[in-house]
Amino acid sequence: MSIDEEARSEERLADLADVVLALARELDFRHPTEGVVPLTVNERLALRALDREGESAPSALAARLGLQRSNLSTALRGLENKGLITRVHEGVDGRGVVVRPTEQSSANLARLRAHWATTLSGALPSGADIETAVRLLRAASDALVDDRRAED
């Protein structure tokens with residue numbers, strides 16, 4: 001790859017990151033207030049991980065998300081107070097804990113995803129290749145998470 005091609009590639013990648021951040025901000029700006037439980041950033045991260053990967057011990061969840069355990073603990077307390085997760089004591093002595101999303105959490109996520117779909121359907125051009133975009137962005141996200149975990 002020539003120096004000019006490499007510079008253009010870097011510029012396109014930077015543009016992609018910029019667009020992703022702008023899109024996330026616009027979706028957040030249009031966050032529904034009716035029927036959707038408001039969440040902090042860390043609560044969203046935790047709930048998303050639990051939704052995608054299932055129940056988890058808090059320490060494993062903190063490591064997966066790259067959060068300080070105290071920050072995750074605050075987020076889990078908030079989610080529990082909002083009825084979106086439950087803590088289940090496990091192990092022989094009952095000291096082990098796993099957290100799981102509740103049915104209310106699933107319903108909240110379904111309402112939010114429906115809102116996102118409606119919002120984006122009105123913003124995307126007809127015939128847009130959404131599946132390819134999702135695969136591309138998910139691969140990038142997963143690779144960055146894997147890199148972060150490898151550094152820890």
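1. Helix H4, in this predicted model, covers residues 69–81, and its length can be checked by simple reasoning: at 1.5 Å a residue, its 13 residues should span 18 Å, and because its end C-alpha atoms are 18 Å apart, the expectation and the model agree.

2. Which residues of H4 are buried? They are Leu 72, Ala 75, Leu 76, Gly 78 and Leu 79, and because they cover an arc of only 160 degrees around the axis, they lie on the same side of H4. These buried residues pack against helix H2 (41–53) and helix H3 (58–65), and also against strand E1 (85–90) and strand E2 (96–101). Just after the helix, Gly 83 takes a positive phi of about 75 degrees.

3. The C-alpha trace spans about 60 × 40 × 25 Å along its principal axes, and buried residues make up 19% of the 152 residues. Among contacts between residues at least 6 apart in sequence, 54% join residues at least 24 apart.

4. The structure holds eight salt bridges, and one of them joins the side chains of Asp 28 and Arg 44, at 2.9 Å from N to O. This pair links distant parts of the chain, since Asp 28 is in helix H1 and Arg 44 is in helix H2, 16 residues apart. Asp 28 counts as partly exposed because its relative accessibility is 38%, and Arg 44 is likewise partly exposed, at 35%.

5. Lys 82 forms a salt bridge with Glu 43, with the closest N and O atoms 2.7 Å apart; Lys 82 is in the loop between H4 and E1, whereas Glu 43 is in helix H2, 39 residues apart.

6. Elsewhere, Arg 25, Glu 26 and Arg 30 are linked in a network of salt bridges.

7. On the surface, Leu 13, Leu 16, Val 20, Leu 136 and Leu 137 form a nonpolar patch with about 430 Å² of accessible area together. Helix H1 (3–29) and helix H6 (130–151) are the elements that give two or more residues to this patch, and the largest share, three residues, comes from H1.

Key. Residues are numbered from 1 along each chain as its sequence is written. This is a predicted model: local features need pLDDT of at least 70, side-chain atom pairs count only at pLDDT 80 or more; totals for chains, interfaces and linings use all residues. Side-chain values use heavy atoms; hydrogens and water are left out. Helices (H or I, at least four residues) and strands (E, at least two) are DSSP runs, numbered from the N terminus. The expected span of a helix is 1.5 Å times one less than its number of residues. Buried means under 20% relative accessible area, exposed over 50%, partly exposed in between (1.4 Å probe, protein chains only). The arc is that of the directions from the helix axis to the C-beta atoms. Contact means heavy atoms within 4.5 Å. Patches are made of residues with over 30% relative accessible area and no salt bridge: like charges are joined within 9 Å, nonpolar side chains (Val, Leu, Ile, Met, Phe, Trp, Tyr) within 5 Å. Accessible areas come from the Shrake-Rupley method with a 1.4 Å probe; for residues, only the protein chains shown count as cover. A salt bridge is a side-chain nitrogen of Lys or Arg within 4 Å of a carboxyl oxygen of Asp or Glu.
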